[in-house]
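Please look at the sequence and the model first.

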Amino acid sequence: MATGAITPEVEGVFFLDYLIGELQCQVVSVRFLQLAGVFKHNVIADLGIDRVSYALVNFWATLIGAAFCIPCGRLLDRFGSRVVLTTVLVALGATVVCMSASTALVSLAIAVTLTRGFGQSALSGASLALV
């Protein structure tokens with residue numbers, strides 16, 4: 001999710017459904033505080049890949065990303081939750097920035113795998129260790 005100014009009086013809220021590759025922009029009028037419009041675009045076609053390839057990327061990224069929990073647990077025991085959580089958040093932020101430059105299937109697969117690994121696996125483990 002991200003926000004951005006469309007015009008000085010209109011804000012856009014952007015959502016990417018990574019499962020189907022649909023980018024959605026909901027335009028909100030700041031002056032009237034109401035939804036002014038919704039725009040949708042499928043970004044899978046922009047990458048030049050088909051839905052099956054994209055689904056395979058998501059499948060393998062989920063399986064490989066789950067393995068990030070194993071070293072995360074060991075790092076939590078050794079360095080503590082604050083150090084590991086900070087490192088994971090920095091790594092996740094860098095991964096998301098790099099993901100925006102993905103132009104091919106291979107770079108997208110690496111970025112999605114790292115996002116799953118840091119964002120879903122390692123971040124969950126480090127967050128639970130704080131509780």
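## Largest pocket

Helix H5 gives the largest share of the lining of the largest pocket, 5 residues. Helices (H or I, at least four residues) and strands (E, at least two) are DSSP runs, numbered from the N terminus. The model is predicted: local features need pLDDT of at least 70 and side-chain atom pairs count only at pLDDT 80 or more, while totals for chains, interfaces and linings use all residues. Residues are numbered from 1 along each chain as its sequence is written, and side-chain values use heavy atoms, with hydrogens and water left out.

The largest pocket holds about 760 Å³ of space. Its lining has 23 residues, and Leu16, Tyr18, Tyr54, Val96 and Met99 lie nearest its centre. Two or more lining residues come from each of E2, helix H1 (44-47), helix H2 (51-66), helix H4 (81-99) and helix H5 (105-130). By class, the lining of the largest pocket has 15 nonpolar, 6 polar and 2 charged residues. Here Ala, Val, Leu, Ile, Met, Phe, Trp, Tyr, Cys and Pro count as nonpolar, Asp, Glu, Lys and Arg as charged, and the others, Gly among them, as polar.

A pocket is defined on a 1 Å grid over the protein atoms alone, as an open set of points where a 1.4 Å probe fits, with protein on both sides within 12 Å along at least five of seven lines; lining residues have an atom within 4 Å of a point. Grid points are joined across faces, edges and corners, and a volume is the space filled by probe spheres set on the points.

## Second largest pocket

The volume of the second largest pocket is about 150 Å³. Its lining consists of Phe68, Pro71, Cys72, Leu75, Phe79, Val83, Val84, Thr87, Val88, Phe118 and Ala122. The lining of the second largest pocket divides into 10 nonpolar, 1 polar and no charged residues.

## Contact of H3 with H4

H3 and H4 pack with their axes 7 Å apart, at an angle of about 135 degrees. Axes are lines fitted to C-alpha atoms, for helices over the stretch in contact, and angles run from 0 to 180 degrees between N-to-C directions. The two helices, H3 and H4, are therefore oblique to each other (under 35 degrees counts as roughly parallel, over 145 as roughly antiparallel, 65 to 115 as roughly perpendicular and the rest as oblique).

On H3, the contact (heavy atoms within 4.5 Å) is made by Cys72, Leu75, Leu76 and Phe79, and on H4 by Ser81, Val83 and Val84. The residues of the contact of H3 with H4 comprise 6 nonpolar, 1 polar and no charged.

## The sheet

How many strands does the open sheet have, and in which order? The open sheet has 4 strands in the order E1-E2-E3-E4, with antiparallel pairing. Two strands pair if DSSP finds at least two bridges between them. E1 and strand E4 (34-42) are the edge strands, each pairing on one side only. On average, neighbouring strands of this sheet are turned by 25 degrees against each other, direction ignored.

## Strand pairs and hairpins

Strand E1 (residues 2-7) pairs with strand E2 (residues 10-17) over 5 antiparallel bridges, and threonine 3 has valine 13 in E2 as its bridge partner. The hairpin of E1 and E2 has 2 residues between the strands.

E2 is joined to strand E3 (residues 22-29) by 8 bridges, also antiparallel. In this pair, valine 13 stands opposite glutamine 26 in E3, and leucine 16 has leucine 23 in E3 as its bridge partner. E2 and E3 form a hairpin with 4 residues between them, and glycine 21 in the turn has a positive phi of about 75 degrees.

E3 and E4 pair in the antiparallel sense over 8 bridges. In E4, leucine 35 is the bridge partner of valine 28, and glutamine 34 that of serine 29. The hairpin of E3 and E4 has 4 residues between the strands, and leucine 33 in its turn has a positive phi of about 55 degrees.
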